[in-house]
Amino acid sequence: MAATLPITGDLFEENSAKSRPAELSSEEDYSDTLKLRCDGTTTHIGRDQVSVSDPLANVPRRLVFSDGRVLVTRDHQAVAEIFDQGSGANLTSIVAWAEIFRPRIMVILILLFLASIISLRFALPVAVDVAARMVPASMEARLGGVAFESFDLILKDSELDAQRSDEVRALFDEIVGASDIDFPVDMHIRQGGFLKANAFALPGGPVIVTDELIKLAPNDDALAGVLAHEIGHIEERHGLRRMMRAAGWVILVSVISEEASGLFEEVAAFPTLLIDQAYSRSFETDADDRAIEIIVAIGRDPAAFAEMLNLITKDCGQACDGVDWLSSHPAPGDRIEHIREYGSGGE
Amino acid sequence: MSDSSQPVVQTLGSVPQSPLPPKHRTDSGSHDDGNGKLPIEFDGNASEYFGIWIVNLLLTIATLGIWSAWAKVRRMRYFYGNTRLGADSFEFLASGWQIFRGRIIAFVLLAALSASQYISPWAQLFATLIFIPLFPWIVNLALRFRARMTMWRNIRFSFKGNYWGALGVFVAMPIAGIFSGGLLFPLAGQMAAKYVTKNFHYGTAQFEADPDVGKFYAAFFISIGVMIGAGILMMIPITAAIVGSAMAGSAKKGADLETIFGSLGPAFFSMIFVAIFVYAVGFIAASQVYLALTRNAVINALQLEGGHRFASSLSGTKLAWITISNMVVVLFTAGLMQPWAATRLWRYQTSCYGATPGAPIDEFVDEQREAVSAFGSELGDFEGFDIGFGI
């Protein structure tokens, strides 16, 4: 091949800041040997004795020779002709090519960026759910146990009479039996206090029901609906999956915003919060569906569940932001409607 | 034939100086300002960096974060490689794999730390307590890695701090600062700066700085003044909010907290939002002022073995303005103007720095290479510490 343009730059001795102007060129006939000219001296260097830094915009290229000397050059064209040509397309060169600013390509990249953010919302849960399957039930139960200990500290013991609480326990066991859960699940009845009429399920473990909820229920079918909903959460491991999805998002957002940087980390946390609410709403709908299925399986009336939800909404009042019900949940009206439809065989 | 093909870059123009004899002329010749002082210049620009930035982002998202290690290398190489001291630019030498390995280790450790709370409260306490004596070691590792990966004129920097020094300035002094109600913080900052600089080396030459503690205290009180000013300004929207809601709620005498809260309109919340915004701006301004004044103090006092001196002339107000306007622009463009913001900030900072060699700059010699791990530096990044050096 014909001689190419020489690479000119500063040649440094190994471990030294001393530099002299030098020139590296490719021999006329043997392109595997290169000629290094500096201060009148010429050295022959094999191409494989030179290690070249990756191309990146117009950052100077470093050519490190096997004898320790270094040639620093801004002759990007010449370096590309002598070195980059031969090695073919590899990941670094493709990336470097893509990075060159061309307005049309940039618009495409921006659209791709927006599209990937949106698809992450659906892609991440899939990846996280796979990971969640590897978490053993015992570890999940431990999580729930630890959380329960905290709740137990602030909730007072139930004031329900023994007969009623036995009835509720029996109902609970009936529901667990009709579900796909194959491990024992405890139920604890406590006074709600600030939680009012409420029930919530902890990961892998106990379900807490408040006195107020039991008293609010017009009949056992209505109560069964609520209990079945909570069992649905445990069955589908919603607590664990929601936690892991949030953690996955936090990590992803922090990694991305480290790239983006300059933003408050708090601003970057905002989308995590919103997405977590969205995932939570879909989990709630899943639990509602599961509740209907279980209620129907044990021969109770699903309409009572919808009615119960109505009662709870009214009882909670305007400023309601309970632990489970009515926070990060679909709007009550929509939920009740969905439950009625699902229950009557629609959807 | 071809003489030294120096890039055709003009200096910032010689500013007429008093006729002192110039220091030893450097080999790179034409780049000082006539008095031997070498300016630092940034040759990068926003559109060039935009390409790198957006490709970084896309690949990071596509690989669910794994590419971020290589993205970091490209980002650092772009900024370092386009920053020149005299005729020669800096280099960032870490490889993507080094950063990646460091991140994996850091990630595993942090995951274990946060998972410990699910094992038992004691486990979490234990894990947190372990972290405190580990912290100086981690900071040293981070500084060592960052230094070792930075090069100028074929010579690497290095950091040789020891555990006890780091424990003193990064753990003991900040704790003392807290117990003294904040009064010892400026002293802690000055001691930390001294510790870092005197353990920094350029090749075999050692750095040293003894910045004036008074300047740190001045910076501290000035930035508190800025915060107080912001606090006073904040009172305006807060007063408006309270007065407004008092007038609206005065009719509902005896109403409980819930009803009052429910009746607050959007006007109230937007006033609160304005107040928070004023506070945030004040906080940023105060921290930038502190940064500018303390960094000037340290760099102006910085010396490198061989009689080399340095200069820094950052303006706190300008830095605050740039930082805040950057944030606003980036926010309103959904992040897309971040490359513009980053290059703008970097360009301003580098334009305020300079070096005056006291001896020919080609006499520096590097030491033998030693292996360093990226783990400490990556752990620092995970946790949000900025353990960068210099710029």
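## Salt bridges across the interface

In this predicted model, two salt bridges (a side-chain nitrogen of Lys or Arg within 4 Å of a carboxyl oxygen of Asp or Glu) are found across the interface of chain A and chain B. A:Glu99 pairs in this way with B:Arg74, with 2.7 Å between the closest N and O atoms. Over all chains, the whole structure holds 23 salt bridges. The pair crosses between chains, from helix α2 of chain A, where A:Glu99 lies, to helix α2 (residues 68-81) of chain B, which holds B:Arg74. Helices are DSSP runs of H or I with at least four residues, and strands are runs of E with at least two, numbered from the N terminus.

## Extent of the interface

Chain A contributes 58 residues to the contact and chain B contributes 63 residues, contact meaning heavy atoms within 4.5 Å. The two chains bury about 5,100 Å² between them, 62% of it on carbon and sulfur atoms; this is the accessible area (1.4 Å probe) lost on being put together, summed over both parts.

## A nonpolar patch on chain B

B:Leu183, B:Phe221, B:Ile224, B:Ile228 and B:Ile232 make a nonpolar surface patch of about 490 Å². Such patches comprise residues with over 30% relative accessible area and no salt bridge, nonpolar side chains (Val, Leu, Ile, Met, Phe, Trp, Tyr) being joined within 5 Å and like charges within 9 Å. Accessible areas follow the Shrake-Rupley method with a 1.4 Å probe, and for residues only the protein chains shown count as cover. B:Leu183 is placed in the loop between α5 (163-179) and α6 (185-198) of chain B.

## Basis of the values

Residues are numbered from 1 along each chain as its sequence is written, while chains are lettered from A and ligands numbered from 1 in the order in which they are written. For this predicted model, local features need pLDDT of at least 70 and side-chain atom pairs count only at pLDDT 80 or more, whereas totals for chains, interfaces and linings use all residues, and side-chain values use heavy atoms, with hydrogens and water left out.
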